[in-house]
Amino acid sequence: MTALTLSTSAAPGLRADAIVIGVAKGAKGPVVAPGAEAVDTAYDGKLAGLLETLGASGAEGELTKLPAPAGFKSALVIAVGLGTVPDDGTGYGAEALRRAAGVAARTLGGAKKAAFALPVEDAAAVGAIAEGVLLGAYSFDVYKDNGSTAKAKADKAPLAEATLLGGKPRDAAHKAALARATAVSEELNRARDLINTPPNDLTPAAFAAIAQRAAKEHGLKIQVLDDKALTKDGYGGILGVGSGSAATPRLVKLSYTSPGADKHLAFVGKGITYDSGGISLKPAGHNETMKCDMSGAAAVFAAVVSAARLGLEVNVTGWLALAENMPSGSAVRPGDVLRMYSGKTVEVLNTDAEGRLVLADALWAASAENPDAIVDVATLTGAMMLALGSRTFGIMANDDAFRSAIHEAAEEVGEPAWPMPLPEHLRKGMDSPTADIANMGERMGGGLVAGLFLREFVGEGITWAHLDIAGPAFNEGGAFGYTPKGGTGSAVRTLVRLAELTAEGDLG
Ligand code: BES
Ligand code: MN
Ligand code: ZN
């Protein structure tokens, strides 16, 4: 990952491949953002005009390259758009900074060193720019190294070093913001790696082994239930989903405990390492990206490790419900009835509605510890993508205040999210003539039906929320801002923020 430092040096004397500056959209054309004054002076104060000549407007996502002015030790100036100038001329929002830094970092792939001269008003800006750089510089090329030359590899390597100008290396708040951004971004990028790893390599057992290594490194308690242990304890949902695959399922429990904590959060992640649909096989065109179906578990994993690295004063337990959903002679069939860990029976009407089955068992296991709240994260339904598109996740909950708090936290960290209801009338669609409940109901409102199913497996009286990240988990389009193609790490930053708020006593 990119090495980041804070520096109060001036841009002209910096030896770097490029100096990154901000340009915003003003009423009468582009405006050079604060932080780049020295750069503007070196262009004789004509930088805004120059940028306008080059076609820049300051719009978000825009990137303009220009040769550095005479006397500069770096060759290139990169101007990135920050969007509309804020009303008071300052106060560039965290998300605008994060995205602009991400756009620049992405372009700087292959470069050794860049200096970022973006507006830094406070420690929050330092954190946002750092996150933008670290997340934007991400690349996944583990499977591309064969046959390419050393030069080709270097050209694609993420930006090696970045200096944040205006960040004060001796300011405690600035240092803390950088350390937080580094820890969270590193774990988030690791979640992206897990999502992008092909399913023939990332089996449930392989994921569990990675969690075991991380637990050791960060002093977390870990318990891995393999298929034998799952059978013994009656985890019928996880076992049923995993029964069609040669790669057996796992339930991983990762616990971070803080001596100062008086609250306990449980995060539960859907970890389907590949979702073929099972016997209710997905048609061609719908399964090419289904390695992403463990994105919820990856987010939970990253969030628990982040909480540990940040030393948050809250206990966080992560539950990873890992299975591969495959068709075979031993696979669960439409019509089968599973006895779940909670004791309830489920008639499997569609084996492609597998996420709710593994989550149901993990939710019940999490409930047994009676945490203050449970949040599950899952690429659960195509219906949620139809409702909210590919960049926004849906939030459902059994508590209005908790749902609002999560929505606010998501907004704060720059993750688009939206509250969704759990309409009671949709419950009866899941009535089964044979079992306590069916794993499918009405097609309309499919995302909400899935939420209602999960609710049945949350322990009595426990505050619970469900994040359906089917849309934003995996970016099938082009990279934008600090979001790469492929695995995005959706929900990691929201979960970490929730843990922080809980530690600070600002939640529940
Ligand atoms: N993993 C899918 C949902 C999904 C779809 C995630 C597209 C990301 C992108 C899930 O297991 C699934 O197949 N859901 C079904 C449920 C249906 C059978 C009730 C769906 O949404 O079609
Ligand atoms: Mn499915
Ligand atoms: Zn799935």
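In which sense do strand S13 (residues 345–347) and S17 pair, and over how many bridges? The two strands pair in the parallel sense, over two bridges. Strands, like helices, are DSSP runs numbered from the N terminus, with at least two residues (E) for a strand and at least four (H or I) for a helix. Two strands pair if DSSP finds at least two bridges between them.

## Basis of the description

This is a predicted model, in which local features need pLDDT of at least 70 and side-chain atom pairs count only at pLDDT 80 or more, while totals for chains, interfaces and linings use all residues. Residues are numbered from 1 along each chain as its sequence is written, chains are lettered from A and ligands numbered from 1 in the order in which they are written, and side-chain values use heavy atoms, with hydrogens and water left out.

## The three-stranded sheet

S13 and S17 belong to an open sheet of three strands, ordered S12-S13-S17, with mixed pairing. Strand S12 (337–339) and strand S17 (437–438) each have a single partner strand and stand at the edges, so one side of each lacks a neighbour in the sheet.

Strand S14 (residues 373–378) is mostly covered, with six of its six residues buried. Here buried means under 20% relative accessible area, exposed means over 50%, and partly exposed lies in between (1.4 Å probe, protein chains only). In a regular strand the side chains alternate between the two faces of the sheet. In S14 both faces are covered: Ala 373, Val 375 and Val 377 are buried on one side, and Ile 374, Asp 376 and Ala 378 on the other.

S14 runs parallel to strand S10 (residues 264–275), to which five bridges join it. It also runs parallel to strand S18 (residues 463–468), with six bridges between them. Ile 374 takes part in both pairings: Ala 266 stands opposite Ile 374, and Ile 374 stands opposite Trp 464 in S18.

## The two metal ions

The manganese ion (ligand 2) is coordinated at 2.0 to 2.2 Å by Asp 275 (OD), Asp 352 (O), Asp 352 (OD) and Glu 354 (OE). Donors are N, O and S atoms within 2.8 Å of the metal (3.2 Å for Na, K and Ca); water is not among the atoms, so sites may look incomplete. The donor residues of the manganese ion (ligand 2) are spaced D-x76-D-x1-E in sequence. The arrangement around the manganese ion (ligand 2) is irregular because its six donor atoms subtend angles of 70 to 169°. Four donors count as tetrahedral if all angles lie between 85 and 135 degrees; four count as square planar and six as octahedral if opposite donors are over 155 degrees apart and all others between 65 and 115; anything else is irregular.

The zinc ion (ligand 3) has Lys 270 (NZ), Asp 275 (OD), Asp 293 (OD) and Glu 354 (OE) as protein donors, at 2.0 to 2.4 Å. Its site is octahedral, with angles of 78 to 173° among six donor atoms. Along the chain the donors of the zinc ion (ligand 3) follow the spacing K-x4-D-x17-D-x60-E. The pair links distant parts of the chain, with Lys 270 in strand S10 and Glu 354 in the loop between S13 and helix H11 (355–367), 84 residues apart. Asp 275 bridges the zinc ion (ligand 3) and the manganese ion (ligand 2), which are 3.1 Å apart.

## The surroundings of ligand 1

Ligand 1 has 16 residues around it, of which Lys 282, Asp 293, Asp 352, Glu 354 and Gly 382 come nearest; a residue is near a molecule if one of its heavy atoms lies within 4 Å of it. Oxygen atoms of ligand 1 lie 2.9 Å from a side-chain N or O atom of Asp 275, 2.8 Å from one of Lys 282 and 2.9 Å from a polar side-chain atom of Glu 354.

## Two buried loop residues

Met 420 lies in the loop between strand S16 (417–419) and S17, and is buried, with a relative accessible area of 15%. Not counting residues up to four places away in sequence, Met 420 touches several residues, including Met 384, Leu 388, Met 396 and Leu 448; contact means heavy atoms within 4.5 Å.

Thr 483 is found in the loop between strand S19 (474–475) and strand S20 (486–487). Thr 483 is also buried, at a relative accessible area of 13%. Leaving aside neighbours within four places in sequence, Thr 483 is in contact with Arg 192, Asn 475 and Thr 488.

Technical notes: A polar contact is a pair of N or O atoms within 3.5 Å; within protein, one must be able to donate a hydrogen and the other to accept it, and residues adjacent in sequence count only if both atoms are side-chain atoms.
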